[in-house]
Structure formats: structure tokens, C-alpha cells
Amino acid sequence: MKHIKKVLEIFVLDWKRILKHPVAALLVLALMIIPSLYAWFNIKALWNPYENTSELPIAVYSADVGTTFQDKEIEIGGEVIKNLHDNKQLGWQFVDSKAELVKGVESGKYYAGIYLPKEFSENLMSFTTGEIQKPKIEYYVNQKINAVAPKITDKGATSIQTTISDEFINTASSTLMTVFNEVGYNLDANLLSINKITNLITQVAANSDEIDQYAAEIVSINDKLPTIKEKLALVQEFESYLPQVDALADKLVELNDKFPEIKEKASIILTLEDKIPEIESAADQLAQVDSDFDTIEKTMNDGISEAKAGLTVLQDIQTLLPTIETLLNNTSDAVNIGEDALTKIQGDLPANLGSIIDATVRILQGASLNVEEIATNLAGLATEDNKETIKTSLGKIDQLIGAQVTSLDNVLNTLKFIENQGGNVSNLINILESAKTTLTTMQTRVEQILSQVDTSDMTTIQQELQELADLAKTAQDKLEGIDGNEVASQIQTGLSKALETLQAADTLLTKAQALDLASFLTATQGTVSDAITLLEKYQQQLPAIKSEIHDANTLLNGHLSEIIAGIHTGADLYRNELPTLETRLGQAADFVENDWPGIESDLEKTISLVDEKFPEVEKALGLASDLIKEDWPMLKTGLQKAADAIAKGEKDFDLSEIISLLKLDATQESDFFTTPVELVTNDIYPVPNNGSASTPFYTALCLWVGALLLSSVATTDVYLKDSKKKYSSREMFLGRWLTFLVIGLAQGLIVSLGNLFLLNVYAVSPGYTVLFALLIAVTFMTMVYVLAALFGNIGKGIAIIFLVLSISGGGGNYPIQLSGKFFQAVNPILPFTHAVNLLREPVGGIYWPNAWHAMGILVGVWLLFLVVGIIAYPKVSKAAKKLAEHSHLSHFFH
């Protein structure tokens, strides 16, 4: 524990010294960042180099003069140049001569050049002549300009060669397959005829006996020709009936033309079907009217009676009309008086009405308070000796309360007038009425006590005086809730509303006075008289109407089910049968319009043809009859031989299979011959760009370079001349190692986070990218630190050798199998190899067996170097220092 404490003291001392000197702190910060710049620049430069191949200049020139094939001009070179204009994979430069192309490649202007000679198309088409000459593409490449460029330009030349070859194979195979297709389709097109002929021959041979019978029939028909002639005469007679058939056809077409109109008229049945609920409802309503007709009749009679009574009332009103007009005038005068009074009251109200009301309320409260105090005092003086004093005081109280009640009455009368005129002051009236009731009760009690002073005992008088004091207190409390300003506001509002109400009433009365009531009543009386006359007219017709409604109800509701069923039947007929009829009628009309004229013409032509050709038929039948009798036996023998040959051929090969092969899709067959094998690519751990794929190598490399830079700039020795404490060499070794280690961790953290967030490097597991970089930083920094601490400049040289071997033998950018045997041998023992492998895992996707293997090796190397350094440092460092002192004597090494 003591040694660990001293190690930490040295570690803290290092950072205090660094932070104390700004230059040193800045230098340490630079050592943390500069290695990352090395990685970032390289990763960005190699981010996706193959995206820019269109900038790689390749000269192209075609001297091809073309050739002729089957009267068609063919110039393959021109087609190649035309296609390359649309090809953006490489920077194609189209020059004007072969000499310019070669000179440009030699000078380095172009990385490569492609030349198509003048006989290119001729040689390519030489396979059609039998004297085959392979066409050549001349490819020039400058190998010294760049190591990678020739590989890319090689791909361009190979691409042209492959494109031409593929196109040639595709064209040739497509042509051949097309010819085969044509043969196959021609055979297939005539297969029916071929099969018919072979089948016919076979069937004729197989049915020769039946043909014999037909032959006999032909001979028989030939014998019956006279009878056939007689029947043909009847057919010719049918031709005379054709005008009647045409007339019938015209009527059919006319019916078809009018069918849409017929259909439209018939569609009303669907409307009736939709209206069935309404028909049923109408039937119900008709039944209801029929059953309620007596009530309707009574209602009409009552209406006539009431109308006559109303007419009498109107006549009475006309009689009273002068009185009503006088009443309206008087009311108008009263409203005007009230309006004037309210206006006067409103105008007479003082501006400080609220203060006056508050003062009045306080006076009333003061009076109540006086009553309370007097009553209380009298209760204390209630003795036989003070009866006269009590009576005198009660008399004064009675007068005081009376004055209060009178004041409240005056206020209430005013407020009630305002309320009656439409002002809303009912709340205030209720409060004052309650206060008045309390005061009246007090006055009554005072008078009761006054009448009992002489007759009752003083104890009773004392109690009643106390109750009187309590009533006075209640009156004070009720008056306490009155706000003078609020009361004044309510009075003002009430007066305004009352005034508005009277003004509205005055307006209405003015309008009523303007009405011509006499004319209105006269018109109304005439209208009612006319209505009575009309109602009495219908009253006389009611028996007949009742009978008609009853008959209609009996007819409709008695046959409603049959009516609805008929509507449904008609609708079904419209939906189902009418379309079929329409279709068939249309087909018949179409036949009449389109087909019948042709048939009629054909019939006429046929009859004419029969008339014309029958003699020839008659002659042909005679010849056929002679052929059957004389030549058929020999034909029969030949057909049998042909049938035997066809049967033998069908055994040996299948014509349909040959045709099927020839008919296969020419495009697919040609495509198969051009590319018989299809490559299916499955990306395992895909990485989207070259920069992300190169990141593990350059990240590991920058961490090793960072460790080397730090060991070159910083010393592994700890200077403690000013320190009073004693530290062992191992403690100083470990303390300084911790300082180096922190800087290494910072380098690992900066480069890994910069990769992710500055360059947006692709990583499936970005968290593990940072963790793995920190582990590698710890391992590399420990290795370089131990080598530098133990062996000084020699150790740094060993670290540089490790770096060189790591770049060439670590398999960072190229598979190690492409390197020499030496590098393949050292590859597994280089920590750099396993660092790169570990950093690759989180980029494409972690395969944990590989990750654990790499981490195990790196942790093992770290522990090995640390343990060796701790053990060997006290002994080896002294010898290394002496060696360094000797090298310093040359004044060349630091």
C-alpha cells in the first residue's frame, strides 16, 4: 500500500509540473491530438477512391472502317465509342489518332490507351465466311505513373473486351435461336395440317371399308340426281318469300329501337316498389281517416259554432272600440306622467346620494343604539322607585322608534315606486322591510312594557327591557349591511330601467294608437264570415265525402296484399326478365341489321350458284362415280402403304418434342449461352465505404505512432532533486508509466471519437470501437514505454522496427497471404496484427470468438511488458543510462 501511494505521488507530481508550465501543457495536448490527425487524413483520403475513377484519364481511338453483312453496314468500333460516351466509370478521353494516343500514354497525360484497328469489324464478322480472324484490341498502359492506376485501367480494357465479346455471343446466339424459333414456329403453325394429312391418310387406310360404303353412296346419289333436281326447284320457290321476311325484320328492329323508351316507362314499377312503405302508410292513414270521420265531422261542426261565437265577440269588440281607444289614451297619459315623474326624480337626486344614504343609515343606527343603551340602562334601574322615570324614558323611545319607522316608510315608498316602474331594487326593499319589521316589533314591545310598568313586577319589566335592548341590537345589525354607494347605484340603475320601460311602453302605446282597429276588426269579421260560409259548404258535402273515403278504404286495404304482390312481381319481371328480353331482342335486331342482309345475299347467291353450278356438280358426280368404279381399288392399296410408313415414323421420333425445343424463348436461350452461370453475392459484415474499412489499420497505426512520438519527446526518467522524499526506481518507473498511460488513453479516446463523429466512420457497435481503441492504446503505450525506459534510444529504435514490421506484416490494407513468406511468418506474433483485427470487429459486426482471441493476446502482451519492465527496470536502466552517456559524448544524440 505504501508503494502504491508513492507511485500515485509521482503521477500527481508529473501532472502538477505539466500544468504549471503552459508550454508543456500545450505540448502534451498536441501529443494527444496529432496522432489522430495522421489517422483522420489517411482515412478521409481513402474514403471511397473508386467513386472518382471517372477522373482517371484513359485515351480511346477507333480506326475501324466497318464491314458489310447481308447488305447491312456494321461498324463495331463506332458502337464502342458511342457506348463509352455514356460510360462514366472511367475518364474516357476520345483522341483523333493512334499517334496522339500513344504519345499521351508515354508522357503520362493518360494512364492508359485503347486502340481499335481499322479491320476490327471485318475480323469480328469473319466467322461468317469460314476464314476466321480474331479481332484485336491494342492496349497501352504506363506502369510507372502509379501502382494502382494500371490495375484500374486494366479493368477498363477488360471491360471493353468483355462487352464486345458478350455482345457478339449474345447477337450470334440470339440470331441462331431466332432462326430455330422461326423453324419451330413454322412447323408448329403447320403442325395441324401435317397432323391432319397423316391422320387423314391413317384414317382413310383404317376406314377403307367405310369409304367403300361412302363410295357406294356417291354412286347412289348420282343415280338420285333427278329427284334432287325437283327439290332444288322448291328451294328456288322460297326466294319469293324473302320480301315478307325483310318486312318482319324491319318491325323487329323498330321494336328494338323503341325498347329503351318502353324500359323507361316500365321502370315506374321500381318506383312503386320503393314507395310500398308509403302506400302502406297511406292505406293506414286512409283507414284512420275512415274510422275517425265522425270525429272529424264533429270537429268541423264545433269549429263552425265556435267561429260564429267568435264572430259575435268581434261584433261586441267593435261596439266597445270607443271605450278601448279612450283607455289607450288614458294609459298613454299615465305613462307620460310616470315618465315625467321618474325623470324629475332622477334629476332631483343629489350627486352625493350615496353619502346621504350612508348618513341616514348611520342616524337610524344611532337611534337604535340609543334605544339599546336606554333600554339597557332602564333594565338596571328597574325598581319600584324608578317607575316614573322608566315610563318617561319608554315614552321617548316610543317616539324615537316611530320617527325611524316613518323615515323608512318614506324611503320604501320611493323604492317601491321605482320597482313598480321596472327598476330592480327588490334586494334593498327586502333589507329595509326587514329593518322596518324589527323596528315595528320594538315599538309594539315598548308600548306593551309601558302599559305593564304599573301592574307588573320589576323583574318582568327588567327582562322585557333587556329583550328590547336585544331587538335594538338586531335592528343595528340589519342596518349595518346597507352600503350607501351601492344603494345609490341601485336607485340610479332602477330609475334608468324604469324610465326605459316607460319609454318603451309609450312607444308601444303610440303604435297601438296609430293602428286602425276599426278597419282591422271589420276585415277580421269579414274573414271569419267567409270561413264560416266555406265550412258550412263542406259541412253539407261531408256525407258524400265520408262515403267516398269509406269506399276507397275498402278498396285499398281490402286488396292491399294483392296490389303489393303485383308490384313485386312486376319489379322482379323488370329486373330479371326484361334485361334478358332486351338482350335477346338486341341480338335479334343486331342479327337482322348486320347478319341477315349477308345471309339473305348469300342465300340468293347460293340459289343462283346452285342454278349455275348444279350442272357441274352433276357432271362431277358422274366423274366421281366413274372414278370409284374404275380407280378406287388402286388408290386404296396406295393409301394403306402410306399409313404403314407413317406408323413406323411415329414410333422412331416425336415431332412435337422437336418443335417444343425449337420454339423455346430465343432471348432466354441467347442470354443463357451468353451468361450460363449467375453469380449471387452475399455480403457478410458489409462495410459501406473504403474509408470505414481502412479505419482499423490507420487507427492502430496512429496509436503506435502516438506512443513513439511521446517517447521521443518525453523522458522516462523522473527528476527528484528538490524532493525530500525517497522513491525507489520501480516506484518512479510505475509513476511515470501512469502519466504515459493517461496520455495514451487520451489519444485512443480522441481518435476513436473523431472517427465516429468527425468522419462519420461506419460502425455497427460504436461503443466497442471506443473500448477496443482504449485497450490497444494501453497495450501499445506500455510496450513503447517499457522499451524506452529499459533501453533508451535503442528501445525507441526497437519500437520503430515494430512499427515497420507492423505496416508491412500486419495485414492492414492487403490480405497477408499476398505478402512474402517472411511477412506471413511474423504476422501472427505482431501485436499490431491483433490490434487491427480487434478494431475490425465493431466496424462490420462483432464475431466474439475472434474478438476474445485478439483481446486475450493484447492483454497478455500488456501484462508481459509491464511485469518485465517492473522486474528489469532497476537493473537494466542503469546500464542503459551508461550507454546513453557514452552516446552523448558524440554530441550527436540527445
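This report walks through a predicted model of the protein, from its overall make-up to a few individual residues.

## Overall picture

The mean pLDDT of the protein is 77, and 72% of the residues score at least 70.

The protein contains 30 helices and six strands. Its chain has 894 residues, of which 34% count as buried. The exposed surface comes to about 53300 Å², with carbon and sulfur atoms supplying 60% of that area. If you look at contacts between residues at least 6 apart in sequence, 81% of them join residues at least 24 apart.

## A covered strand, β5

Strand β5 spans residues 112-116, and five of its five residues are buried. In general, side chains in a regular strand alternate between the two faces of the sheet. In β5, one side carries Ala-112, Ile-114 and Leu-116, the other carries Gly-113 and Tyr-115, and both faces are covered.

This strand has partners too. With strand β1 (residues 57-62), β5 pairs in the parallel sense over five bridges; here Leu-116 of β5 is the bridge partner of Ser-62. With strand β6 (residues 138-141), β5 runs antiparallel, and four bridges join the two. On that side, Tyr-115 has Glu-138 of β6 as its bridge partner.

## Helix α2 and its bend

Helix α2 covers residues 22-45, which makes 24 residues. From first C-alpha to last, α2 reaches 34 Å, close to the 34 Å expected at 1.5 Å a residue. Even so, α2 bends by about 25° at Leu-31, and a proline, Pro-35, follows within four residues.

Which residues of α2 are buried? They are Val-28, Leu-31, Met-32, Pro-35, Ser-36, Ala-39, Trp-40 and Ile-43. As a rule, an α-helix has 3.6 residues a turn, so residues three or four places apart point the same way. The cover over the buried residues of α2 includes helices α1, α24 (690-713) and α25.

## Asp-14, a buried acidic residue

Asp-14 sits in helix α1 (residues 2-20). Is Asp-14 buried or exposed? Asp-14 is buried, because its relative accessible area of 5% falls under the 20% cut-off. Setting aside residues up to four places away in sequence, Asp-14 touches Gly-735, Arg-736 and Thr-739.

## His-568, partly exposed

His-568 belongs to helix α20 (residues 560-630). Its relative accessibility is 33%, so His-568 counts as partly exposed. Beyond its neighbours within four places in sequence, His-568 is in contact with Glu-273 and Ile-276. Ile-276 is 292 residues away from His-568 along the chain, yet their C-alpha atoms are separated by 9.4 Å.

Where is Asn-760 found? Asn-760 lies in the loop between α25 (729-757) and α26. Most residues other than glycine have a negative phi. Asn-760 is not a glycine, but its phi is positive, at about 55°. Asn-760 counts as exposed because its relative accessibility is 55%, over the 50% cut-off.

Definitions and conventions:
Residues numbered from 1 in each chain as written. Predicted model: local features only at pLDDT ≥ 70, side-chain atom pairs only at ≥ 80, totals over all residues. Heavy atoms only, no water. pLDDT = per-residue confidence, 0-100. Buried < 20%, exposed > 50% of the residue type's maximum accessible area, 1.4 Å probe, protein only. Contact = heavy atoms within 4.5 Å. Areas by Shrake-Rupley, 256 points an atom, 1.4 Å probe, with all protein chains shown as cover. Pairing = 2+ DSSP bridges. Expected span 1.5 Å × (residues − 1). Bend = angle between axes of the 7 residues up to and from the residue.
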